[in-house]
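Hi everyone, thanks for making time this morning. I'd like to walk you through one model, so please have a look at it with me.

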Amino acid sequence: MTIGVALPLDHEIDGTVRLAREAHEAGLRSAWFGQTFAYDSPTLAAIVGREVPGLQVGTSAIPVFGRHPLLISSQAQTAQAATGGRYHLGLALGTKYLTETGFGIPHERPIRLLREFLTALRQLVETGSADFHGELLTATTPLPGAVPGAAPPVPLLVAAMAPQALRASGELADGILPYLAGPRALADHIVPAVTAAAEAAGRPAPRIVAFVPGVVTADAESVREKATEALAFYERFPSYQRVIGLSGGTRAVDQAVIGDEEAVAAEVARYRDAGATEVVLTMTDLGGEADRRRTWKLLGELAND
């Protein structure tokens with residue numbers, strides 16, 4: 001199992017590079033970037049990966065609504081070439097609220113769109129060309145679509161947790177990026193579903209990259225209060241409500257890992273035992289810089305055990 005962190009997106013690019021270098025020096029294996037309406041995450045990942053050799057970089061995750069496989073392929077392949085093969089692309093279904101509010105387009109038939117998007121994108125990252133004609137999108141390459149040096153093919157991961165998304169991801173992607181899915185949900189629902197779909201499609205066992213809010217701190221109560229507020233946003237979406245319930249919780253903060261080194265290490269081990277191939281801690285700066293460094297130190301030690 002490898003261990004990484006999600007880097008905050010509230011720094012200037014030079015500051016983000018410094019954080020990534022610090023993470024790498026602490027022994028962490030990967031740095032991940034979310035996709036909002038601000039930074040372009042593949043570009044940021046390409047810069048960071050170029051500046052910090054040896055660090056795996058990834059996007060978690062770009063919604064398929066409002067994007068096109070040809071454009072995402074160009075971004076992802078460019079990041080792969082820039083980092084010498086250390087880029088990982090995460091895709092997401094997005095939410096009705098953000099899709100319709102931000103892009104002004106209907107959030108309709110998300111699973112169908114995900115399947116078509118992955119099918120076309122797979123052709124592009126593996127062959128540099130596409131000839132795909134689906135119900136919801138078309139992707140063809142009248143001009144070459146391969147980026148020199150973009151090897152191996154960019155891994156395709158999906159922020160999937162619900163049954164239909166897990167089935168599509170198992171059949172068409174290389175793995176999944178569950179968030180706020182605790183060990184119980186992973187072991188009982190998520191890992192079996194995506195693994196069975198991959199096996200049925202004749203694909204390799206999928207990567208399970210579990211994203212987990214976590215902080216090593218001596219002031220667990222204060223940090224938990226901050227996490228409760230920061231994570232409340234996710235409680236408005238049915239997909240997160242469902243996975244939080246399957247994990248045995250009622251609030252998003254119930255899936256946060258907050259405590260001393262022993263407590264956090266034990267929780268990371270629970271994710272491994274539940275089937276996670278990789279654990280990425282998020283929101284590690286909630287308790288301040290000292291706690292963040294303390295958290296990264298522990299994760300680096302765990303990564304190199």
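**A walk from the loops to the core**

Let's start with Arg109, which counts as partly exposed because its relative accessibility is 44%; buried means under 20% relative accessible area, exposed over 50%, and partly exposed lies in between, with a 1.4 Å probe and protein chains only. Before I go on: this is a predicted model, where local features need pLDDT of at least 70, side-chain atom pairs count only at pLDDT 80 or more, and totals for chains, interfaces and linings use all residues. Residues are numbered from 1 along each chain as its sequence is written, and side-chain values use heavy atoms, with hydrogens and water left out.

Back to Arg109: this residue sits in the loop between helix H4 (96–103) and H5, where helices (H or I, at least four residues) and strands (E, at least two) are DSSP runs numbered from the N terminus. Arg109 is not a glycine, yet its phi is positive, about 50 degrees. Leu180 also has a positive phi, near 65 degrees, but Leu180 is buried, at a relative accessible area of 1%. As background, most residues other than glycine have a negative phi, and most peptide bonds are trans. The bond from Ser60 to Ala61 is cis, with omega near -5 degrees, and so is the one from Ala151 to Pro152, with omega near 0 degrees.

Now the strands. S2 (residues 30–33) and S3 (residues 56–59) pair in the parallel sense over four bridges; pairing takes at least two bridges found by DSSP. Between them the chain passes through helix H2 (residues 41–51), and this β-α-β crossover is right-handed: with the strands pointing away from the viewer, the path from the first strand over the helix to the second runs clockwise. S3 also pairs with S5 (residues 87–92), in the parallel sense over two bridges.

Which residue of S5 does Gly58 stand opposite? That is His88. His88 counts as buried, at 11% relative accessibility, and its side chain makes a polar contact of 2.6 Å with that of Gln56. A polar contact is a pair of N or O atoms within 3.5 Å; within protein, one must be able to donate a hydrogen and the other to accept it, and residues adjacent in sequence count only if both atoms are side-chain atoms.

Finally, the largest nonpolar core has 95 residues, and Ile190 is among those with the most contacts inside it. Such a core is a set of buried Ala, Val, Leu, Ile, Met, Phe, Trp, Tyr and Cys residues joined through side-chain atoms within 4.5 Å.
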